[in-house]
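Biologist: Let us go through the assignments one by one. I will ask for the grounds of each.

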Amino acid sequence: VGPKEALATAEIAGGRFTWAGRAPSERVFACEAQIRAHADPVPARAEITENEIVVTPDTAFDGVAPGQTAVIYDGSRVLGQFTIDRTVSAVPVDA
């Protein structure tokens, strides 16, 4: 329970990802990310690490939860997808 603003998500990441064709040649690259089937993709930056892909949107996502699927694009081309394992809030929460 908390304010609606606390749903803002600054980063999503997942270890279970697949590529639609060849994997990107860069470890860090610009992309668009979509977290809901009927949502528009948003500009983001993706980083491929040894164990996961980390996506940071230019503008915070709203209400993302682990278990959702994220799709990453280069324009209209699907690059790949991953299951979201963790999220990072865009709003500091007092403990």
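Biologist: Which residue in S9 does Ile-12 stand opposite?

Modeller: Ile-12 stands opposite Thr-87 in S9. Strands here are DSSP runs of E of at least two residues, and helices are H or I runs of at least four, numbered from the N terminus. This is a predicted model, in which local features need pLDDT of at least 70 and side-chain atom pairs count only at pLDDT 80 or more, while totals for chains, interfaces and linings use all residues. Residues are numbered from 1 along each chain as its sequence is written, and side-chain values use heavy atoms, with hydrogens and water left out.

Biologist: What makes S1 and S9 a pair?

Modeller: Two strands pair if DSSP finds at least two bridges between them. S1 and S9 (residues 86–89) have 4 bridges, in the antiparallel sense, so by the definition they pair.

Biologist: How do you know that S1 and S5 pair?

Modeller: There are 3 bridges between S1 and S5 (residues 53–57), again antiparallel. Within S5, the residue opposite Ile-12 is Val-55.

Biologist: How many bridges join S1 to S6?

Modeller: S1 and S6 (residues 61–62) are joined by 2 bridges and run antiparallel. Asp-62 is the bridge partner of Ala-8 there.

Biologist: Why is S1 called largely enclosed by the rest of the structure?

Modeller: Buried means under 20% relative accessible area, exposed means over 50%, and partly exposed lies in between (1.4 Å probe, protein chains only). In S1 (residues 8–14), 5 of the 7 residues are buried, so the strand is largely enclosed by the rest of the structure.

Biologist: Which residues of the largest nonpolar core touch the most other members?

Modeller: Ile-12, Val-55, Ile-72 and Phe-82 do, in a core of 17 residues. At least two residues of this core come from each of S3 (28–34), S4 (42–48), S5, S7 (69–74) and S8. A nonpolar core is a set of buried Ala, Val, Leu, Ile, Met, Phe, Trp, Tyr and Cys residues joined through side-chain atoms within 4.5 Å.

Biologist: What does Phe-82 touch, not counting residues up to four places away in sequence?

Modeller: Contact means heavy atoms within 4.5 Å. On that basis, the residues touched by Phe-82 include Ile-12, Val-55, Ile-72 and Gln-68.

Biologist: Why is Thr-83 called buried?

Modeller: Thr-83 has 17% relative accessibility, so it counts as buried. The residue is in strand S8 (residues 77–83). Beyond its neighbours within four places in sequence, the contacts of Thr-83 include Ala-13, Arg-16 and Gln-68.

Biologist: Where does Gln-68 lie, and what does its side chain reach?

Modeller: Gln-68 lies in the loop between S6 and S7. A polar contact is a pair of N or O atoms within 3.5 Å; within protein, one must be able to donate a hydrogen and the other to accept it, and residues adjacent in sequence count only if both atoms are side-chain atoms. A polar atom of the Gln-68 side chain lies 3.1 Å from the backbone oxygen of Ile-35. The backbone nitrogen of Ala-65 is 2.7 Å from a polar atom of that side chain. Among the residues Gln-68 touches are Arg-36 and Thr-83.

Biologist: Gln-34 is in strand S3. Is it buried or exposed?

Modeller: Gln-34 has a relative accessible area of 11%, so it is buried. Its side chain has a polar atom 2.9 Å from the backbone oxygen of Arg-36 and reaches the backbone oxygen of Ala-37 at 3.1 Å.

Biologist: Why does Ala-90 get the label partly exposed?

Modeller: Ala-90 has a relative accessible area of 37%, so it is partly exposed. Ala-90 is in the segment after S9. Leaving aside neighbours within four places in sequence, Ala-90 is in contact with Ala-8, Thr-9, Ala-10 and Ala-60.
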